[in-house]
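Work through the exercises below with the sequence and the model in view. Each task is followed by a solution in steps.

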Amino acid sequence: MKKALTTEWQTRLWETIKHIEKNSQIEMVVVLRPRSADYPDIPWIWSVFGAWLGFTYVMFAPEFFNDDIVYATPIAAFLSGFALAHFPLLTRLSIKKARLEKSVETMARAIFQKGGIQHTQAKIGVLVYVSWLEKRVVLLADKGAEMALPPAEWQALRADFQGIFHERKPLDALITQLEKSQPVFSRYLPPIANDINELPDDLDVDL
């Protein structure tokens, strides 16, 4: 993910956020993270499974194996399972959907709180949190923004943002979806005179 976050793309993101904030009262923050949790148990599960598979093979295969092969195969299979478990796709497929969603939701809410997104004067802060490994997008809005838009609009926005991972280039799709959200925010929270930017566009939260 980091390689895809070029300076050009980041500039496009900031310009898109500024466009949203210029044409509405929304205070928009977009945060992208490689993952929302470490899931330390997954590599060990695959390692033990690999060792068991390797041991079962050398013990019950019709071929005859020397003692050194019998000794080394489970160890090699253990290490292979540990390495394979670090591939994002395999990690994601190894975790239940409910656990993935809970991890992303927890991280998004932690960023929302620690980043001070709830501290805007009119309570109109909106966080778009993108978690890459889990392929999840969480849209969190402070109570002022949440109440300004009908529930159906928020539901549609959340579904559309989650849809970026169905596209071939999710990062470009994220920019596109942010651009599409601007008229919605403008309709329900039109800009006001002398509106100031209360939140940094490039918010960095250390958790």
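**Exercise 1.** Decide whether R136 is buried or exposed in this predicted model.

Solution. The relative accessible area of R136 is 16%. Buried means under 20%, so R136 counts as buried. Then follow the side chain, which reaches the backbone oxygen of E134 at 2.8 Å. Finally, list the contacts, leaving aside neighbours within four places in sequence: among them are K97, E101, Y129, Q162 and F165.

**Exercise 2.** Find how the strands are arranged and which of them stand at the edges.

Solution. Three strands form an open sheet with mixed pairing, in the order 1-2-3. Strand 1 and strand 3 each have a single partner strand, so one side of each has no neighbour in the sheet. From one strand to the next, the twist averages 15 degrees. Strand 2 and strand 3 run antiparallel and are joined by six bridges; V137 in strand 3 is the bridge partner of V130.

**Exercise 3.** Identify which element gives the most residues to the largest nonpolar core.

Solution. This core has 31 residues, and V128, V130 and L174 are among those with the most contacts inside it. Elements giving two or more residues include helix 1, strand 2 and helix 7. Helix 8 gives the most, with seven residues. As a check on one member, V128 is in contact with residues including M28, V138, F161 and L178. A second, separate core of 13 residues includes M107, I111, Y129 and V138.

Conventions: Residues numbered from 1 in each chain as written. Predicted model: local features only at pLDDT ≥ 70, side-chain atom pairs only at ≥ 80, totals over all residues. Heavy atoms only, no water. Buried < 20%, exposed > 50% of the residue type's maximum accessible area, 1.4 Å probe, protein only. Polar contact = N/O pair within 3.5 Å; in protein donor to acceptor, adjacent residues only side chain to side chain. Contact = heavy atoms within 4.5 Å. Core = buried A, V, L, I, M, F, W, Y, C linked by side-chain atoms within 4.5 Å. Helix = DSSP H or I, 4+ residues; strand = E, 2+ residues; numbered from the N terminus. Pairing = 2+ DSSP bridges. Axes fitted to C-alpha atoms, helices over the stretch in contact; angles between N-to-C directions.
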